[in-house]
Amino acid sequence: MAKGFVVNAHRFDPYKNFKFQIMWDGRVVVGVSKVSALKRTTEVVKHREGGDNSTDRKSPGRTSYEAITLERGVTHDPEFEKWANLVHPLDDPGMDLKHFRKDLVLLLNNERGLTVKRYKLFRCWVSEYQAVPDLDANANATAIEHMKIELEGWVRDEDTPEPDESAAVAALG
């Protein structure tokens, strides 16, 4: 029976969704705790043939890619705010047309932190930015920074190999 793992044939469990990283400008963005799903939708175009008007034919139409959201705890790292400000800075009515779009990389990692899948997200820009959440003195919660990112497409990097998980874990010492 075929399994979903080639290199790690001993593995039965799929990868967990809590080990991931986001990269932009060639480096990992610190503290990202949540990334929404990568989703694309292709419209259905219906048409009929002249001799067979009782049955709809269907073909693919335009494809759109849903925005993603990133969340992280509020820190002193200014990267979210800097990028969001390139779209519409308060002190300048213009926008930075050269730098407001970025290509991002989403890394899905296994339990050891080895990258198992890599997705490239193209021509991304910030459409919504929340610097500080609702503040509540009675809450027991972490302050979360939120960013909504529009994108024009994504692909899985097929050159990312399945890592060999058979090596022993290094002892802590």
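**Burial, core and helix**

Author: Let us begin with Asp 157, which counts as buried because its relative accessibility is 14%; buried means under 20% relative accessible area, exposed over 50%, and partly exposed in between, with a 1.4 Å probe and protein chains only. This is a predicted model, in which local features need pLDDT of at least 70 and side-chain atom pairs count only at pLDDT 80 or more, while totals for chains, interfaces and linings use all residues. Residues are numbered from 1 along each chain as its sequence is written, and side-chain values use heavy atoms, leaving out hydrogens and water.

Reader: Where is Asp 157 found?

Author: Asp 157 lies in the segment after β10. Strands (E, at least two residues) and helices (H or I, at least four) are DSSP runs, numbered from the N terminus.

Reader: Which residues is Asp 157 in contact with, leaving aside its neighbours within four places in sequence?

Author: They are Arg 118, Tyr 119 and Lys 120, where contact means heavy atoms within 4.5 Å.

Reader: And Glu 158, does that count as buried or exposed?

Author: Glu 158 counts as exposed, because its relative accessibility is 65%. Glu 158 too is in the segment after β10.

Reader: A new topic, please: which residues touch the most other members of the largest nonpolar core?

Author: Trp 24, Trp 83, Leu 121 and Ile 149 do, in a core of 19 residues. Such a core is a set of buried Ala, Val, Leu, Ile, Met, Phe, Trp, Tyr and Cys residues joined through side-chain atoms within 4.5 Å.

Reader: Which element gives the most to this core?

Author: That is β8, with four residues. Among the elements that each supply at least two are β1, β6 and α1.

Reader: What about α1, then: which of its residues are buried?

Author: In α1, residues 79–87, the buried ones are Glu 79, Phe 80, Trp 83, Ala 84 and Val 87. They are on the same side of α1, because they cover an arc of only 125° around the axis; the arc is that of the directions from the helix axis to the C-beta atoms.

Reader: Finally, how many helices and strands does the protein have?

Author: The protein has one helix and ten strands. Along the sequence, the pattern reads β-β-β-β-β-β-α-β-β-β-β.
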